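Trainee: I would like a close look at a single part of this model, taken slowly.

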Amino acid sequence: MDKQQHITFGQAPRIALWIGLLMLLTGLVIRYILGERGANTLIPTLLGMPISMLGFVALEPEYASGAMRGVTALALLGVLLTFNVVPQLNAVLLGHPPNGSVITLVTNALTLVLCGVLLFVCLIASGRVWYKRRAARTGK
């Protein structure tokens, strides 16, 4: 029986797993230990759970491609959901008081940074896999 060779995504699934767990823990700490309520404090938790699960699934080479597509989509969703924090951060850096809670502002900024890093890692890993598959097809 000929076993199919899967081209792996390198360390990207592990990075997705750990970033997802960090987002999940951040959301839980903000929500239950610091006592901040609101929909914005749930964003890291709601994104961190599926990202970490898909990162765990992507550790298996057979499922890595689909799982990493899901991680990329969720990272993009996280960036788009929390991108509204950029003008608020700019205002705070210019010396104006924040519009809402400082904890919510920090949570959204952290989520934006983590999702942005994860999106970058996923895009680089996907490009690397695409290049390897193309090279394997052409024989170069």
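Which residues of the largest nonpolar core touch the most other members?

Mentor: This is a predicted model, in which local features need pLDDT of at least 70 and side-chain atom pairs count only at pLDDT 80 or more, while totals for chains, interfaces and linings use all residues. Residues are numbered from 1 along each chain as its sequence is written, and side-chain values use heavy atoms, with hydrogens and water left out.

Among the 28 residues of the largest nonpolar core, those touching the most other members are Phe-9, Ala-12, Met-23, Leu-47, Ile-51, Met-68 and Leu-118. Such a core is a set of buried Ala, Val, Leu, Ile, Met, Phe, Trp, Tyr and Cys residues joined through side-chain atoms within 4.5 Å, where buried means under 20% relative accessible area, exposed over 50% and partly exposed in between (1.4 Å probe, protein chains only). At least two residues of this core come from each of α1, α2, α3 and α5, and α5 gives the largest share, 11 residues; helices here are DSSP runs (H or I, at least four residues), numbered from the N terminus.

Take Ile-51, which, once its neighbours within four places in sequence are left aside, is in contact (heavy atoms within 4.5 Å) with Ala-16, Gly-20, Met-23, Val-71, Leu-74, Ala-75 and Leu-118. Helix α3 (residues 64–82) has buried residues that include Met-68, Val-71, Leu-74 and Ala-75, and the cover over the buried residues of α3 includes α1, α2 (43–57), α4 (85–93) and α5 (102–138). By contrast, Leu-25, in helix α1 (residues 12–33), is exposed, because its relative accessible area is 52%.
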